[in-house]
Amino acid sequence: MREMLNPTSAIAGMGLDKDVALITDGRFSGATRGASIGHVCPEAAQGGPIALVQDGDRIKIDIIACTIDLLVDEETLCARKAAWICPEPPLNKGYIARYAKQVSDASKGAILE
């Protein structure tokens, strides 16, 4: 899981940390500011809903109810899912490649299965 300090720092540096939320399958450090939601599962690399988000999509975040909703109709999401192609991992040999193939998602602790 990528550390999201750089994106959250950029958002805060532009003065947008009160207006922009960062939703990611990555992780955050203790220096994060603003609305930052991490460890979203299933991850983009697994073709989860986060992989189907496109520029201009609206997302509803209800912090009290602990929900995140992508406000795109089901037909559009199905079409995006059908067109989605799993990205190749950046490394295809060695321990990192083994880890990428066998790691569980964030909700299970990102451990080898």
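**Reading a predicted protein model**

Modeller: The accessible surface of the protein comes to about 8,200 Å², and 56% of that surface belongs to carbon and sulfur atoms; accessible areas come from the Shrake-Rupley method with a 1.4 Å probe, and for residues only the protein chains shown count as cover. This is a predicted model, in which local features need pLDDT of at least 70 and side-chain atom pairs count only at pLDDT 80 or more, while totals for chains, interfaces and linings use all residues. Residues are numbered from 1 along each chain as its sequence is written, and side-chain values use heavy atoms, with hydrogens and water left out.

Biologist: Which pattern does the protein follow along the sequence?

Modeller: Helices (H or I, at least four residues) and strands (E, at least two) are DSSP runs, numbered from the N terminus. Here there are three helices and four strands, in the pattern α-β-β-β-β-α-α.

Biologist: Is T24 buried or exposed?

Modeller: Buried means under 20% relative accessible area, exposed over 50%, and partly exposed in between (1.4 Å probe, protein chains only). T24 has a relative accessible area of 8%, so T24 is buried. Of the 113 residues of the protein, 20% count as buried.

Biologist: Where does T24 lie, and with which residues is T24 in contact, leaving aside its neighbours within four places in sequence?

Modeller: T24 lies in the loop between β1 (21–23) and β2 (35–37). Contact means heavy atoms within 4.5 Å. With those neighbours left aside, T24 is in contact with M4, I37, G38, H39, V40 and I50.
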